[in-house]
Amino acid sequence: MQEKPMHNTATIYSSGRKNGNTTAQVNAYSKQQSGIVFCLDDYVISPYRYDKQYHNDDFYNLFEVLLRYEHWVFASPVYWYNTTPQMKAFMDRITDYMDDEALKPKLRTLRQKQFSLLSNASSPSAPDAFIDMFKQTFNYLGMTFKAHSHVQAG
């Protein structure tokens, strides 16, 4: 991704290996772009529940912090055409903001934000199903897609 550095960027990533290819990709991106990095694997993010009973969960606090940033960069390895379970849990939990009238105004602020995607896999490119999951989800929320960069991991 060759782009002008954005000073209000949050990179959000998850990986099955804390010091693996995704972390290396995030670190390389962060050296070129200013911003802050959040590793979802450092947080407790429970799976979505209709009853909203989340105990010792970090999702709401993390999401509130992320709302301060204008550009969200999601980074994940490709696992069977999908993202990591922790990233998927994060994405699913955004539904909490859709279901709660008091939280909906905060969710609407995403309409002024941008998102990008970093991916890596043993294949030379990310499958469309992987890319589309992010694009469709965050376009639905009103965010503007900016860029995607894929690294073939060895």
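Q: Which residue in β4 stands opposite Val73?
A: Ser116 stands opposite Val73. This is a predicted model, in which local features need pLDDT of at least 70 and side-chain atom pairs pLDDT 80 or more, while totals for chains, interfaces and linings use all residues. Residues are numbered from 1 along each chain as its sequence is written, and side-chain values use heavy atoms, without hydrogens and water.

Q: What makes β3 and β4 a pair of strands?
A: Pairing requires at least two bridges found by DSSP. Strand β3 and strand β4 (residues 114–121) are joined by 7 bridges, so they pair. They run parallel.

Q: How do you know that β1 and β3 pair?
A: The same test of at least two bridges applies. Strand β1 (residues 9–13) has 5 bridges to β3, so these two also pair, and they run parallel. Ala10 stands opposite Trp72 in β3.

Q: Why is β3 called mostly covered?
A: Buried means under 20% relative accessible area (exposed is over 50%, partly exposed in between; 1.4 Å probe, protein chains only). In β3 (residues 71–77), 7 of its 7 residues are buried. His71, Val73, Ala75 and Pro77 point one way, and Trp72, Phe74 and Ser76 the other. In a regular strand the side chains alternate between the two faces of the sheet.

Q: How do you know how many helices and strands to count?
A: Both are DSSP runs, numbered from the N terminus: helices are H or I of at least four residues, strands E of at least two. That gives 6 helices and 5 strands. Their order is β-α-β-α-β-α-α-α-β-α-β.

Q: What makes the chain as compact as a globular protein of that length?
A: The globule rule is 2.2 Å times the number of residues to the power 0.38, and the radius of gyration is taken over C-alpha atoms. For 154 residues the rule gives 15 Å; the radius of gyration is 15 Å, so the chain is as compact as a globular protein of that length.

Q: Why is Trp80 called exposed?
A: Its relative accessible area is 80%, so Trp80 passes the exposed cut-off. Trp80 is found in the loop between β3 and α3 (85–93). Its phi is positive, about 50°, although it is not a glycine. Most residues other than glycine have a negative phi.
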